[in-house]
Amino acid sequence: MTERPLITDAQNTWCPGCGNFTIQHTLKAVLSDMEKEGKSLDDVVLVTGIGCHAKMADYLNINSFYAIHGRAVPVATGIKLANKRLTVICCVGDGDAYAEGLDHLIFAAKRNIDITVLVHNNRVYGLTTGQYTPTSPLGFRGRSTPSGTPEYPLNPLELMLASGATYIARGYTKKMDQLNHLVRGGIGHKGFACIDILQICATFFNMTDFYNTRVYDLPDGDKGDFLSACQKAREWDYNSESNIALGLFYQRSFPTFEDRVIRKPVQKPDRKGVIGEFLKAHQ
Ligand code: SF4
């Protein structure tokens, strides 16, 4: 078997220092390992939304689908339901997943569809030059909020826990080995996996110093305690100055949506009863 080159020759237009490069090379490493272990990459599909992250569909040499803004998760759900043998990975932005596509994200988690969602959470709309998103901190000054946003940010990990996701993690683009481990774990997990990735936007919201002085790794061990996971997810609310936990917050086994969807052959109409008598009489 010849291993395929996983990075395409499409011109890369991400800014120098952008965290998207880390996620791209993490995916490349994970896919390459999967291929070496015998997985055919023809059975892997990448779905992206709209935003800087979405160029991943052009830059990675695997089956891919560019969805419209906020709709990557329902497209991925449809792909998985059509062929549950496929490994389906979604790359989405924080605006994409936590604003336009929020309802889809919640329902995918609620259903426990077996897909892996990587949220490139740079906490800003980078492609459109710096507007605030649902995870921007209070007071964030951008193109649409020159006086600072008056909104508190959303806590996506807490939201995913409440919605029923069965694999919930947070990574950081300055910690590639850990990210590799989390992505690998999410793909291997049977059920809905959401990995919120603190991604550096080098041009519009560079949080490198802020994150570097606050991140720490969660210890390994049992991750099935919902209340402990909630407590840990609330430790940093995407707005405060507290320390920021990285790693796997929660994981549990639960039947997947695709395994619960039973496809029965279409039944012929029942000819008993009043309608049946009517049909018989009029044939
Ligand atoms: Fe990356 Fe930000 Fe540049 Fe977009 S605008 S490519 S997210 S650094």
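**Briefing: ligand shell, aromatic pairs and nonpolar cores**

The shell around the ligand is made up of 7 nonpolar residues, 5 polar residues and no charged ones (Ala, Val, Leu, Ile, Met, Phe, Trp, Tyr, Cys and Pro count as nonpolar, Asp, Glu, Lys and Arg as charged, and the others, Gly among them, as polar). The model is predicted: local features need pLDDT of at least 70 and side-chain atom pairs count only at pLDDT 80 or more, while totals for chains, interfaces and linings use all residues. Residues are numbered from 1 along each chain as its sequence is written, and side-chain values use heavy atoms, with hydrogens and water left out.

**Chain overview**

- The protein chain has 11 helices and 8 strands (DSSP runs numbered from the N terminus; helices are H or I with at least four residues, strands are E with at least two).
- Its C-alpha trace spans about 80 × 50 × 40 Å along the principal axes.
- Of the 283 residues in the protein chain, 49% are buried (buried is under 20% relative accessible area, exposed is over 50%, partly exposed is in between, with a 1.4 Å probe and protein chains only).
- Taking contacts in the protein chain between residues at least 6 apart in sequence, 73% join residues at least 24 apart (contact means heavy atoms within 4.5 Å).

**Ligand surroundings**

- The residues surrounding the ligand are Trp14, Cys15, Cys18, Asn20, Cys52, Asn122, Gly126, Gln199, Cys201, Ala202, Thr203 and Phe204 (a residue is near a molecule if one of its heavy atoms lies within 4 Å of it).

**Aromatic pairs and charges over rings**

- There are 8 aromatic pairs in the structure (rings of Phe, Tyr and Trp, the last by its six-membered ring, pair if their centres lie within 6.5 Å; planes under 30 degrees apart are stacked, over 60 edge-to-face, and the rest tilted).
- Trp14 and Tyr59 form an edge-to-face pair, because their ring centres are 4.8 Å apart and their planes stand at 85°.
- This pair links distant parts of the chain, 45 residues apart: Trp14 is in the segment before helix 1 (20-36) and Tyr59 in helix 2 (residues 56-59).
- Trp14 is buried at 6% relative accessible area, and Tyr59 is buried at 4%.
- Tyr172 and Tyr211 also make an edge-to-face pair, with 5.4 Å centre to centre and 80° between the planes.
- Tyr172 lies in strand 5 (residues 167-172) and Tyr211 in helix 8 (residues 208-212), 39 residues apart.
- Tyr172 is buried at 1% relative accessibility, and Tyr211 is buried with a relative accessible area of 1%.
- One aromatic cluster consists of Tyr172, Phe210, Tyr211, Trp236 and Tyr238.
- The charged end of Arg214 sits over the ring of Phe210, 3.8 Å from its centre (NZ of Lys or CZ of Arg must be within 6 Å of the ring centre and within 35 degrees of the ring normal).
- Arg252 lies over the face of Phe254, 4.4 Å from the ring centre.

**Nonpolar cores**

- The largest nonpolar core has 49 residues, of which Val47, Val117, Phe192 and Tyr211 touch the most other members (a core is a set of buried Ala, Val, Leu, Ile, Met, Phe, Trp, Tyr and Cys residues joined through side-chain atoms within 4.5 Å).
- Strand 8 (residues 244-251) gives the most to this core, with 5 residues.
- Another core, of 28 residues, lies apart from the largest one and includes Cys91, Ala169, Val183 and Ile187.
- Not counting residues up to four places away in sequence, Tyr211 touches Arg123, Tyr172, Leu198, Ile200, Trp236 and Ile244.

**Ile89**

- Ile89 is in strand 3 (residues 87-93) and is buried at 1% relative accessibility.
- Ile89 and Ile187 are 98 residues apart in sequence and 7.6 Å apart in space, C-alpha to C-alpha.
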